[in-house]
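Morning, everyone. I have one structure to go through today, chain by chain and then at the contact between the chains. Here it is.

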Amino acid sequence: MNNEPLWTIFIGASLINNFVLAYFLGICPFLGVSGKVATASRMGAAVMFVMLVSSICAFGIQKLLVAIGAPYLSLISFIAVIASTVQLVEMFLKKMSPALFRALGIFLPLITTNCAILGLALFQTNKGYGFVQCLVYALGAGAGFTLALVLMAGLRERLELVRVPDLVRGTALTLMVAGILSVIFMGFAGLGG
Amino acid sequence: MTSKVQGNPTGTLSTDEFIKGLWRENPVFVQVLGMCPTLAVTNSAINAVAMGLATLFVLVMSNIVISSMRKFIPKQVRIATFILVIATFVTVVDYAIQAISLDLHTALGAFIALIVVNCVILGRAEAFASKNGVVPSILDGLGMGLGFTFALLCLGTVRELLGSGSIFGLHVLPARFQDWVIMILPSGGFFTMGAWLLVFNGLKRRRAGGANAAKEAA
């Protein structure tokens, strides 16, 4: 059992080893949905919720699979759980907020193939976290993802207003900005020991 | 992306299924899919090649299985079925790499397991293998997989050359050369990928410009 203090786990997952900017997990929605701050923050919230639920499920499943001696099934069962959680969120949003449902579009079902969520389930298993540690880790990772997405969306809203050469416009520019953000986040290294 | 990559159900022109993935519809540089492994494991050329080949294997195998089962999979649960097929092959690759080279397995870390959520593979399953026969699907998988490996190699060589002054572990730059450590750190991945996209945009624009000039001249 790993007995890392909870606040180190949270700071580590959200700032120092930010899932997007240090581990490159969840780049697709990061590039795709970061056009507007409002959409980005809601997307972040949806991802955070899926992360929490799938983290709890993954913890239970891993314990069960180890108990019955079949840990090689973990990858397959993790992905099945994530897919069903996403389906749940999708149905919930469609009912509760159709406008948001349309704004997220194709990226909502694509949360299933968001590597950040599967990555979270795998990392927490590798690190041998306990139940509460898993929860905090999921919260931290979700917060870090949302932070990166919202920062990027804010920058891109500004970039709309400036004149850049046509050649650079689009994904190339976003990637360069992401690189600079990543350098900035390196400044957090060492925080929290 | 879907409109261009339907392929042809008749099965002629099968060399085209193979070649399009290498350049014209390159999954990384043109379609900008599968960015996570592209950026994460390309800090050295050897990692990039290993990751590319692992993805190639999963892509071809899952294309074979999915295209041969495409008539039996109900439409509503197709994505879930695809993911399960892919996850099975990724588990195989994960254990195989662990058996072949433990060092490589440590270097690639969780990113082997994360091949499951590589959008390139699911994208090909949905856009190609679920609509075409086995042979074109194999060719499509091979082409896309090699295109992916090629893109990873492009990034890996540049990052390793500038970041540690070597290619495939062999020192090529003079010892005087100050390593650009940032290139093998995460931010280097973003910068290199951005730069390659710029190069590709430039090439595309030049070709389009050339075609326009030719039209005007005629």
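Before anything else, one term: a residue counts as buried if 20 or more other C-beta atoms lie within 10 Å of its own, and as exposed if 12 or fewer do. Keep in mind that this is a predicted model.

With that term in hand, take H4 of chain B. Its buried residues are B:Phe82, B:Ile83, B:Val85, B:Ile86, B:Ala87, B:Phe89, B:Val90 and B:Asp94. What do those buried residues of H4(B) pack against? They pack against helix H3 (45–69) and H6 of chain B, and also against H4 of chain A. As for its length, H4(B) has 23 residues and runs 33 Å from its first C-alpha to its last, close to the 33 Å expected at 1.5 Å a residue.

Now the rest of chain B. The chain has eight helices and two strands, and along the sequence the order is α-α-α-α-α-α-α-β-β-α. Its radius of gyration is 19 Å, close to the 17 Å that the globule rule gives for 218 residues, so chain B is as compact as a globular protein of that length. The box filled by the C-alpha atoms of chain B, taken along the principal axes, is roughly 60 × 60 × 25 Å. Of its 218 residues, 43% count as buried. If you take the contacts in chain B with a separation of 6 or more, 77% of them are between residues 24 or more positions apart.

One residue in chain B to look at is B:Phe177. You will find B:Phe177 in the loop between strand E2 (170–171) and H8 of chain B. Is B:Phe177 buried or exposed? B:Phe177 has 12 other C-beta atoms within 10 Å, so it is exposed; the cut-off for exposed is 12 or fewer. Also, B:Phe177 and B:Ala208 are 31 residues apart along the chain, and their C-alpha atoms are separated by 38 Å.

On to chain A. Here the count is eight helices and zero strands, so to read the pattern along the sequence is simply α-α-α-α-α-α-α-α. The radius of gyration of chain A is 17 Å, close to the 16 Å from the globule rule for 193 residues, so this chain too is as compact as a globular protein of its length. Along the principal axes, the C-alpha trace of chain A spans about 60 × 45 × 25 Å. Of the 193 residues of chain A, 41% count as buried. Among contacts in chain A between residues at least 6 apart in sequence, 81% join residues at least 24 apart.

Inside chain A, look at helix H3 (residues 37–67) and helix H6 (residues 115–127). The axes of these two helices come within 9 Å and cross at roughly 35 degrees, and the crossing of H3(A) and H6(A) is right-handed. Which residues make that contact? From H3(A) they are A:Val47, A:Val50, A:Met51, A:Ser54, A:Ser55, A:Ala58 and A:Gln62. From H6(A) they are A:Ala116, A:Ile117, A:Leu120, A:Ala121, A:Gln124 and A:Thr125. By class, the contact of H3(A) with H6(A) has eight nonpolar residues, five polar and no charged.Next to these is helix H4 (residues 74–96) of chain A, whose buried residues pack against H3 and H6 of chain A together with H4 of chain B. The buried residues in H4(A) are A:Ser74, A:Leu75, A:Phe78, A:Ile79, A:Val81, A:Ile82, A:Thr85 and A:Val86. The 23 residues of H4(A) should span 33 Å at 1.5 Å a residue, and the end C-alpha atoms are 33 Å apart, which agrees.

A:Val164 sits in the loop between helix H7 (131–159) and helix H8 (171–186) of chain A. With 11 other C-beta atoms within 10 Å, A:Val164 is exposed. Not counting residues up to four places away in sequence, A:Val164 touches A:Arg169 and A:Leu173.

Last, the contact between the chains. How many residues does the contact take from each chain? It takes 31 residues from chain A and 32 residues from chain B. On the side of chain B that touches chain A, helix H2 (35–40), helix H4 (78–100), helix H6 (119–129) and helix H8 (186–217) each supply at least two residues. The largest share of that side, twelve residues, comes from H8(B). By class, the side of chain B that touches chain A has 24 nonpolar, seven polar and one charged residues.

That is what I have.

Technical notes. Residues numbered from 1 in each chain as written. Chains lettered and ligands numbered in written order. Predicted model: local features only at pLDDT ≥ 70, side-chain atom pairs only at ≥ 80, totals over all residues. Helix = DSSP H or I, 4+ residues; strand = E, 2+ residues; numbered from the N terminus. Contact = placed C-beta atoms within 7 Å. Nonpolar A, V, L, I, M, F, W, Y, C, P; charged D, E, K, R; others polar. Rg over C-alpha atoms; globule rule 2.2 N^0.38 Å. Axes fitted to C-alpha atoms, helices over the stretch in contact; angles between N-to-C directions. Left-handed = near helix turned anticlockwise from the far one by under 90°. Expected span 1.5 Å × (residues − 1).
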